[in-house]
Each structure stands twice: as structure tokens, then as C-alpha cells.
Amino acid sequence: MWSPDLSAFQGPAYKSIAAAIGEGISSGVLKPGDKLPTHRALADQLGVTTGTITRGYAEAERQNLVQARVGSGTYIREPEANCPMFGITPLPNELEGQIDLSYSFALTLGQEQHLAEELANIAADPALMHRLLQYQPECGMRHHRQAGKHWLEYTGAKHIDEDRVLISNGGQHGFFTALLALCQRGDTILSDGLTYPGLINTARQLGLRLIGLDMDEQGSTPEALELACQRHQPRAIYLMPRLNNPTSRQMSRERVEALATICRKHRLHIIEDDVQGCLTDTEHTTFTNVAPDISILVSSCSKALVGGLRVGYIHPTEQTFEPIANALKSSCWMIAPLPTEVASRWITSERAGQIIEAQRNELEIRHQIVAEHLQDYRYESVSSAFNVWLHLPEQWRAAEFARRAAEVDILLKPAELFAAGQYPAPQAVRFCVGGELSRERLKSGLVRLVEILGEMPGGTEGLV
Ligand SMILES: Cc1ncc(COP(=O)(O)O)c(C=O)c1O
């Protein structure tokens with residue numbers, strides 16, 4: 001058990017405990033992810049009260065050295081948890097030998113050709129080009145909103161009102177705008193315990209308190225939602241029922257209905273993020289289809305078609321349309337018409353269907369490759385997802401595994417990055433099979449991953 005010598009530090013005992021933790025980290029005695037002794041055990045060891053240990057750990061948390069996880073204990077902070085996920089994230093690394101499995105991107109399957117042809121079509125229409133170069137109505141051009149309705153229906157949504165379709169700069173901008181419109185600094189919002197890091201970042205940015213709900217194999221449980229509503233009076237909940245990022249868990253119709261009933265009872269807005277889900281089975285239940293009066297749908301073309309167009313759609317409820325449309329206007333006035341024109345043409349022609357079919361087919365093949373390599377390990381995924389959620393064998397902690405993978409030039413993301421609020425991150429990592437990665441590189445990445453899954457941390461060959 002870690003047992004510091006407090007006589008080496010000056011000042012009140014609780015400050016000495018925080019200083020000793022800092023010293024332990026710098027000297028390498030305490031490593032990221034290590035669990036600190038319980039308050040009672042350390043108090044007995046050092047001959048101080050448990051209150052002193054509580055204050056010491058709280059001081060260490062204030063200094064960002066440790067992280068308290070409800071019901072689990074206090075842990076040395078994993079450096080990755082401090083990394084900003086957004087802003088200056090590097091683009092997929094093209095260094096020779098490095099295999100970047102850390103980004104959930106659409107597969108590159110000839111979208112350039114579709115773009116070239118569509119730009120040529122647009123260039124052949126001077127009147128259209130003239131219109132695209134002008135300021136537009138804030139909610140977007142009529143035919144772009146019609147294409148938005150088409151997209152939402154094509155990807156499985158029912159009850160779509162064209163007059164309520166708003167265009168956004170992608171899905172991230174879509175739910176950011178919805179939260180901006182519906183919440184005020186200090187409000188509480190809920191999400192699955194493991195959720196999209198873009199939401200975690202947005203909550204921080206907007207000064208919202210984010211609480212991650214307990215999850216089972218389908219995602220957030222009704223019991224956890226009911227309890228959180230009673231305790232915290234949240235304003236909104238953000239969910240991905242068709243495909244949770246990072247775990248790929250999917251909610252059954254019963255689960256969606258049970259959660260929607262609780263949301264209605266507590267007057268909670270549901271923000272349904274379908275950015276990842278729109279490649280999956282279009283018959284799969286969504287909140288928008290089950291509870292359209294309280295569900296705000298956020299979708300985008302980023303995963304199903306391509307990310308660089310930055311075209312997304314928001315379908316607010318009747319009551320939330322005005323505030324969300326206003327927030328959209330304040331955030332960017334209007335969405336760039338040219339990429340929206342390209343997306344609209346793809347959506348209303350056969351191009352979107354062709355790209356989606358190609359993505360689905362290739363993803364199936366890639367998931368077979370994953371299954372062949374990871375047959376001895378537990379992981380979660382579905383064949384229409386870019387993400388694979390890999391549960392690590394006992395000897396590995398997630399951050400340490402991600403660091404070890406980086407040493408062998410494989411980039412992936414540890415669970416901590418997806419943990420909402422104080423939700424305890426499991427020992428799992430997310431890796432992705434999409435983007436520019438070829439099948440061959442995916443295979444060699446998996447071979448390297450399997451090798452290190454069998455290692456003991458610290459480099460000793462061992463288990464499995
Ligand atoms: C669940 C989820 N929502 C939103 C986004 C962001 O989408 P966009 O690129 O359209 O902004 C992502 C991107 O990975 C995502 O996984």
C-alpha cells in the first residue's frame with residue numbers, strides 16, 4: 001500500500017498528503033490509473049483522522065493530480081483525461097508505419113469522384129452559382145431544407161416537418177446549438193455514462209453540469225434516469241439510441257419507450273444524436289419516432305457520406321424550433337450554401353445511396369477481419385459501426401494500454417476520454433476501422449494489438 005512520509009513536508013497534514021501525492025507522481029512511485037488507499041486505511045497507517053485524508057485527497061483533486069470516482073475510490077489522474085479532445089487535435093497521422101485507429105471517420109471510397117462530377121454540374125449552371133454566392137434565408141435555402149427532410153427520412157426518421165428542418169455545420173454544431181438554445185450556465189444535463197467526447201467538451205464550454213447515467217448492454221437504464229431526474233432536475237438528455245459512440249450499444253424499442261416516458265414525466269428535452277446511427281438499420285427505433293413531441297433530432301452526412309462537407313441537420317420540436325433557429329443564427333448567421341448544395345444533390349440523386357451501400361459493404365468486411373483477429377477477446381461492435389469497443393484483459397488498464405499501443409505505432413483511445421461526469425471508466429479502449437485505412441493496414445494494426453494484449457504491462461511477456 002502507498003504510505004507516504006509526511007515528515008518530509010511542511011504545513012497542515014492535508015496539504016502534505018496532496019504534496020506527497022504530487023511527489024509520488026513525479027518520482028514514478030504513483031502511476032496514472034493507480035488506485036490510492038481508502039481514507040480509512042491511509043488514516044490508520046499515518047495516524048491521522050479520516051477527515052484529514054478526505055481533505056488531502058480533495059486538495060489533490062483540486063490540483064488535478066487525482067480523480068475521485070463515485071463508489072469506486074480515488075485514482076491518479078490519467079494524463080489523457082486532461083487532453084482537450086477538440087480544438088487542436090491532430091489530423092490522422094500519416095507517419096510511415098503509424099496506424100491511426102483513433103478516429104471515427106467515414107471510409108474513403110471514391111467520394112472525390114462524386115464531388116468532381118457534382119461541382120462540374122454546379123459550374124454548368126451560372127444562375128445557380130449566382131444564388132449560391134448570395135446571403136440566404138437564415139434557416140437555409142428551401143431546396144436545401146427539402147433535401148434535409150429527405151436525408152432524415154432516408155436514414156429512418158418519421159414525422160419530419162420540412163418547415164422545422166434546420167441546416168447546421170455538421171452534427172457537433174447541431175447539438176451544440178440545441179444545448180446553447182435550451183440550457184443556461186449551471187444547468188444539469190444527462191447522457192450515457194460513456195458518451196461522445198464532443199458532448200463532454202460542449203458541456204464544459206457552456207458551463208453545464210454533465211452527469212453520466214449507469215449503463216447496461218443497451219445504454220442508459222430507466223432506473224438511473226429516474227434517479228438522476230429526481231436528484232438533479234436536469235434540463236436535457238443527450239442520447240444515441242441507434243448506436244452509442246464509443247460502445248456501439250443499441251437500445252431496444254422497449255428501452256427507448258421506457259426512457260421517453262420518464263423524460264416526458266420530468267419535462268426533459270431529448271437530444272437524439274443520430275450522426276453515427278444513420279448507417280445502421282433504418283427500422284431501428286429512435287426517440288424521434290417514438291416521442292416526436294420531446295425529441296430534437298441531430299443528424300449529419302459526416303459518417304454516412306463524408307466529414308469534410310460539414311453538413312448536418314437539426315429537427316427541433318415545435319416548442320424548441322424558435323430558440324434553436326435563433327441560436328443557429330447567432331452562431332453563424334447561415335450555413336455555407338456551396339457544400340450544402342453538394343450534399344443536397346448527393347442526397348436527392350443516387351449518389352448518397354451508392355456511397356452508403358459501399359460503406360456498409362466495406363464495413364462488413366472489416367468487421368469480419370476484426371472478428372478473425374480478436375476471437376479470443378471480448379469486444380462490442382456492430383457491422384455498420386466504425387467503432388470497436390475492446391474490453392481489456394485483467395492485467396491492463398486502459399490508459400496504459402493506449403500508451404503501449406502508441407509505442408508500437410498504433411493510435412487508439414482509452415475509455416477515460418468517453419466517461420461523462422464522474423462515471424467510472426471501464427478498462428476498455430475504442431479503435432476505429434474507417435477513414436483512409438486500407439484493409440491491409442487494419443490487419444497489421446490488429447496483429448500488433450493482439451501481441452500487446454498478451455503482454456504484461458511494463459513489457460514482460462506473460463498472460464494469455
Ligand atoms: C456521436 C457523434 N456525434 C457527432 C459527431 C460530430 O459529427 P460532425 O462531424 O457531423 O460534426 C460525431 C463524430 O464523430 C459523433 O461520433
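Predicted model: local features only at pLDDT ≥ 70, side-chain atom pairs only at ≥ 80, totals over all residues.
Reader: At what angle do the axes of helix α8 and helix α9 cross?
Author: Helix α8 covers residues 171–182 and helix α9 covers residues 197–205. Their axes come within 10 Å. The crossing angle is roughly 35°.

Reader: Which residues in α9 are met by α8, and how do the residues of the contact divide by type?
Author: From α8, the contact takes in Gln172, Phe175, Phe176 and Leu179. In α9 these residues meet Gly198, Leu199 and Thr202. The residues of the contact divide into four nonpolar, three polar and no charged.

Reader: Is Leu297 buried or exposed?
Author: Leu297 has its place in strand β11, residues 295–300. A residue is buried if 20 or more other C-beta atoms lie within 10 Å of its own. Because Leu297 has 28 C-beta neighbours inside 10 Å, it counts as buried.

Reader: Which residues does Leu297 touch, not counting residues up to four places away in sequence?
Author: The contacts of Leu297, with those sequence neighbours left out, include Leu152 and Ala157. Leu297 also touches Glu272, Asp274 and Thr288.

Reader: What separates the C-alpha atoms of Leu297 and Ser344?
Author: Along the chain, Leu297 and Ser344 are 47 residues apart.

Reader: Where is Arg310, and is it buried or exposed?
Author: Phi of Arg310 is near 55°, a positive value in a residue other than glycine. Most residues other than glycine have a negative phi. Arg310 has its place in the loop between β11 and β12, the latter spanning 312–315. Because 20 other C-beta atoms lie within 10 Å, Arg310 is buried.

Reader: What is the phi of Trp333, and is this residue buried or exposed?
Author: Trp333 lies in the loop between α13 (321–332) and α14 (337–348). Although Trp333 is not a glycine, its phi is positive, at about 65°.

How values were computed. Residues numbered from 1 in each chain as written. Helix = DSSP H or I, 4+ residues; strand = E, 2+ residues; numbered from the N terminus. Buried ≥ 20, exposed ≤ 12 C-beta atoms within 10 Å, placed from the backbone. Contact = placed C-beta atoms within 7 Å. Axes fitted to C-alpha atoms, helices over the stretch in contact; angles between N-to-C directions. Nonpolar A, V, L, I, M, F, W, Y, C, P; charged D, E, K, R; others polar.
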